[in-house]
Structures are given as structure tokens and as C-alpha cells.
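Colleague: I am new to this one. Please take me through a single part, slowly and in plain terms.

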Amino acid sequence: MIRGNDPILLTPGPLTTSLRTKQAMLNDWGSWDAAFNSITASIRRDTVDIVNGGDEYTCVPLQGSGTFSVEAAIGTIVPRDGKVLVPNNGAYCARIVRICKYLDRAVIDLTVPEDQPSTGAIVEAALAADPSITHVAQVHCETGAGILNDLSGVAQACRKHNKGLIVDAMSSFAALAIDVRNIPFDALVAASGKCLEGVPGMGFVIVKKALLESRAGNAHSLAMDLHDQYVYMEKTTQWRYTPPTHVVAALRAAIDQYKEEGGQPARLARYSNNCATLIDGMAKLGFRPFLASPVQAPIIVTFHAPADPAYNFKTFYELTRDRGYILYPGKLTQVETFRVGCIGAIDANEMRNVVSAVAQTLDAMRIKQVVPSPAARKAA
Ligand SMILES: *Cc1c(COP(=O)(O)O)cnc(C)c1O
């Protein structure tokens, strides 16, 4: 994979992209251009196909980062007098809680430990305790710790209790299998710059057509109104307001490469191999993942920071960056951690190389003790 001289981004996005994806951005497109608008239409079809959504679902793209689309989905789909249950085991779940508060939608912030998945049983108990809940907003892979939540169990609980389900699949879509035939959802949110390996700049919401069509006038905001975006796009083939043309062209090229690679199973296989190679290599240096392996999604790995007093993240980050790899700070409240992403146009070679870069960085920082002492472990 040829990428030029940029460092490799081992983060939850933006990601390292292929040369072909970057080259797709070398044209200027007009927003009225029929060729450009047919690209938008093809992306909408292809993303619905990835979840086997058929004719029952449509895809509504939206300008902005992924959070814009999460906010648009909540604001457009949840009625103003609705009530949202958010099983919360990390930073992206907490962001949905904040969105609900901003949008004045009643919300239940259901704390789940950061190292435990949200499950059907947890959601069922909450739904049974409060029948006034109308929707569940579930993050699939909680990118904060990198944990895989039991989306299938949660979807079954929602179906059983006849509640709406909105999925934040930002960091899992296209890598982990999601099929509407066994994970029925109202709306699912993802973005250009994650596992599809496009560049950042647009999100999209895959949503039940009939449901979306019933939501005229529900959104709190014009720019965030997915119903309005949908109606306009269906009528004119164009985006409402200036489209992120280069992002769209890059996403088209990225989806072409996704299909050529073998689609979701192939992407999952590559990321799983990346993740296993990383965890193995880091283990040889003494690093332990924060999560138990059954709940570790092959998307991003949280490692305990070295116990050595010589460690600080800023220097650790800078010295690995100087060796060509960008790491990410931890996002946990209780323990000192850092994260390494497994996604993007990278393979197991990059993971072996980042482990070498980390080993060199430990030497340069004179860090001897990576594993905490048994006493420190007990205290934690
Ligand atoms: C990346 C991500 C988002 C969106 O983040 P932005 O910074 O707005 O792109 C939302 N949810 C999850 C789980 C994510 O990984």
C-alpha cells in the first residue's frame, strides 16, 4: 500500500487512506453536475446494500463529521415527546446523552461499566422498568474503550418491547456484520472516514423509509433535518446546500476498493488480523489490553499505560510520531491508558512496525517497567 510520506494514523479517524482514494479528490465537481449526483446516488444504494436494507431502507447523507449525523438522526426520528434510553459505557454513548439534552428529548443515561458490554438483558430490564421509553440509542462499537456491545441482543429486546432502535455504528459499519434481517433498526448512523476508509467530512443515516417519511417537521433544526434533506435529494438528486464534493468522490473510490477487497468479511478479516498482530506484539513488550478479549472489537485497542514514572503520554506520542505512527490518548475516566487503532488502509505489517516504534520509544524514554507491580494492580 503506497501512502507517500505521511505518518500512519492509528486513531479512530481520520484514518490512513489509500493513494487511489486520495487521487479521487483531484477533480472539482459542480453541485449541479449530473455525474456528481449519480455518484451520490450510487453511494446511497451501496451503503443500504451493506446492511441488506433492500427497498425498505434509504440512506440520507449529511455534511459534517459523524456526530452531526447522530444529532440529525435523533432530532429527526425521535418525536419531541419521545424518551431515549442510552446504555452508556463510554465517551460516544455520553455524547448521545448530551445530544438528547441539547435537543430537549427526555433521556435515560443508563450507566454500564466501561469494560462491560451493553446487552439485551440490560436493555430489557430498563425497558420493563420504564414503559415510557420510546427509543433505544445504542453505540455498536464504543470507540472510547474499543468495546463491542451486543447489538443483536439489544435489537431483539427493542423488537420484543416494540421500541425504536437508533444505532451509532460509526466505528463498526462495513467492518462488523450488520444485517437488518437479524438486527432490525429504525436508523443506523455511520460516516465516510471510518471503516469504509474514505476521508472525513460526511456522515450518513440508513433509515426506514416509511418512518422517515412520517417525520416531516419533527427536526429541531433546518440544517440537521434529515427528512428535508431526503425529500430534496429524492426530488432533485442534489444535496441541500453545498455538498462536500471531494469527500463524496473519495468515498466512491473507497467503496469501490471495499468491494474489490471482498466487502465486509474481507475487511473484518484484515482488521482482526491487525488487532491480533498488535496485541501479540505489544504483549511481548509487557503491555496489557484494558478489555478482556471476548469483548474487544477489532477496531481500536486500549492499552494500560506503562507503570514506570518515566512515562508521560505527550512524550510517548511525540516519539512514536517521529517514528511514523500516530497513537491516540486514552478516553477512560479511571485508569491511565492509550489507544492504538487497527482500522484504515493498513495491514499487519504496519502493526508489527508500530510495535517496533513503541519498543524504540520505551528505550528512548528509559521506561523499564511496563507492567504495573502486583501491589499497584491490587490497588487498582
Ligand atoms: C468517530 C465516532 C463518532 C463520530 O465522531 P466525529 O468526531 O463526529 O466524527 C461517533 N460515534 C462513534 C462510536 C465513533 O467512533
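At what angle do H3 and helix H4 (residues 91–102) pack, and how far apart are their axes?

Modeller: First, the ground rules. This is a predicted model, where local features need pLDDT of at least 70, side-chain atom pairs count only at pLDDT 80 or more, and totals for chains, interfaces and linings use all residues. Residues are numbered from 1 along each chain as its sequence is written, and side-chain values use heavy atoms, with hydrogens and water left out.

Now the pair. H3 and H4 pack at about 50°, with axes 10 Å apart. Axes are lines fitted to C-alpha atoms, for helices over the stretch in contact, and angles run from 0 to 180 degrees between N-to-C directions. The two helices are therefore oblique to each other (under 35 degrees is roughly parallel, over 145 roughly antiparallel, 65 to 115 roughly perpendicular, the rest oblique). The contact (heavy atoms within 4.5 Å) involves Thr-67, Val-70, Glu-71 and Ile-74 of H3. From H4 come Arg-95, Ile-96, Ile-99 and Cys-100. By class, this contact has 5 nonpolar, 1 polar and 2 charged residues.

Look at H3 itself. Helix H3 covers residues 66–77, 12 residues in total. From first C-alpha to last, H3 reaches 17 Å, close to the 16 Å expected at 1.5 Å a residue. H3 is mostly covered, with 9 of its 12 residues buried (under 20% relative accessible area, 1.4 Å probe, protein chains only). Among the buried residues are Val-70 and Ile-74, which also belong to the contact with H4. Gly-66, Ser-69 and Ala-72 of H3 are buried too.

Technical notes:
Helices (H or I, at least four residues) and strands (E, at least two) are DSSP runs, numbered from the N terminus. The expected span of a helix is 1.5 Å times one less than its number of residues. Buried means under 20% relative accessible area, exposed over 50%, partly exposed in between (1.4 Å probe, protein chains only). Ala, Val, Leu, Ile, Met, Phe, Trp, Tyr, Cys and Pro count as nonpolar, Asp, Glu, Lys and Arg as charged, and the others, Gly among them, as polar.
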